[in-house]
Amino acid sequence: MIITFIMTGIYTVFAYGSLIHQGSLARTVPTARNRVPVNVKGLKRQFNLASTYRYDPLQQSPVCVLNAEASEPDAALNGICFDLDESELDALLEREKGYDFCPVNARHFFDESQLINAYYFNAKNYPPYRYLTASKEQTHYLTICLQGCSEFGESFVNAFKASTGFWGIDNDMDIDAIWQGTY
């Protein structure tokens, strides 16, 4: 991972996947604070990346995880922003290895007048990877994301679903089935 900007002090990070979940975030960044629901314009959330540490032993495959990719300028991707100290950044960078750490502008999900300068994780130049529809571990990852979203209300969950794509899945029945889980 190449980081091309100077990092000192307190960082605001935009999370759009499992880090939305307070428990998942706390395992990596125990003192994360100021969690705020946000939208980012010009990005879309895509299941298309093989995890470096989530694995399905039955399918003998990595679990597919989320990536944020460039999209139409008006497209909105929701997630959270949180603050962490520079001393905690190494643990987060280790968890998100394989991603670049990129600057982004976010706006509060419920009050778009508040602009937040943050960083997010983006994977580039990787072979696309398919969502494992029959995997309990894959479903567990999605459930963690949705449980985190549910803390911010039904409109936040619905925005997550609307802004999430699945690489290689063209069948609406498969996509509808993916969203049928409980959280």
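Visitor: Leaving aside its neighbours within four places in sequence, which residues is L146 in contact with?

Guide: In this predicted model, L146 has its place in helix α3, and with a relative accessible area of 5% it is buried. Once the neighbours within four places in sequence are left aside, the residues in contact with L146 are V157, F160, K161, W179 and Y183.

Visitor: Which residues of α4 does helix α3 meet?

Guide: Helix α3 covers residues 136-150 and helix α4 covers residues 154-162, and their axes come within 7 Å. From the side of α3, the residues taking part are L142, C145, L146, C149 and S150, and those that they meet in α4 are F156, V157, F160 and K161.

Visitor: How do the residues of that contact divide into nonpolar, polar and charged?

Guide: The contact joins residues of α3, including L142 and L146, to residues of α4, including F156 and V157. Sorted by kind, the residues of the contact of α3 with α4 come to 7 nonpolar, 1 polar and 1 charged.

Visitor: What is the orientation of α3 and α4 to each other?

Guide: The axes of the two helices cross at roughly 140°, and α3 passes α4 in a right-handed crossing. An angle over 145 degrees would count as roughly antiparallel and one of 65 to 115 as roughly perpendicular, and α3 and α4 are therefore oblique.

Visitor: Is C149 buried or exposed?

Guide: C149 is one of the residues of α3 that meet α4. A residue under 20% relative accessible area counts as buried, and because the relative accessibility of C149 is 0%, this residue counts as buried.

Visitor: What distance separates the C-alpha atoms of L146 and S18?

Guide: S18 has its place in the loop between β1 and α1, whereas L146 is in helix α3, and S18 is buried, with a relative accessible area of 6%. Leaving aside neighbours within four places in sequence, S18 is in contact with several residues, among them Y141, I144 and C145. Although L146 and S18 are 128 residues apart along the chain, their C-alpha atoms are separated by 8.4 Å.

Visitor: Where is F14, and is it buried or exposed?

Guide: F14 has its place in strand β1, residues 10-15. Beyond its neighbours within four places in sequence, F14 is in contact with residues including V38, V40, I80, C81 and Y120. With a relative accessible area of 1%, F14 is buried.

Visitor: What value of phi does N125 have?

Guide: Most residues other than glycine have a negative phi. N34, found in strand β2, has a positive phi of about 60° although it is not a glycine. N125 lies in the loop between β7 and α3 and counts as exposed at 81% relative accessibility. The phi of N125 is also positive, in a residue other than glycine, and is near 55°.

Key: Residues numbered from 1 in each chain as written. Predicted model: local features only at pLDDT ≥ 70, side-chain atom pairs only at ≥ 80, totals over all residues. Heavy atoms only, no water. Axes fitted to C-alpha atoms, helices over the stretch in contact; angles between N-to-C directions. Helix = DSSP H or I, 4+ residues; strand = E, 2+ residues; numbered from the N terminus. Parallel < 35°, antiparallel > 145°, perpendicular 65-115°, else oblique. Left-handed = near helix turned anticlockwise from the far one by under 90°. Contact = heavy atoms within 4.5 Å. Nonpolar A, V, L, I, M, F, W, Y, C, P; charged D, E, K, R; others polar. Buried < 20%, exposed > 50% of the residue type's maximum accessible area, 1.4 Å probe, protein only.
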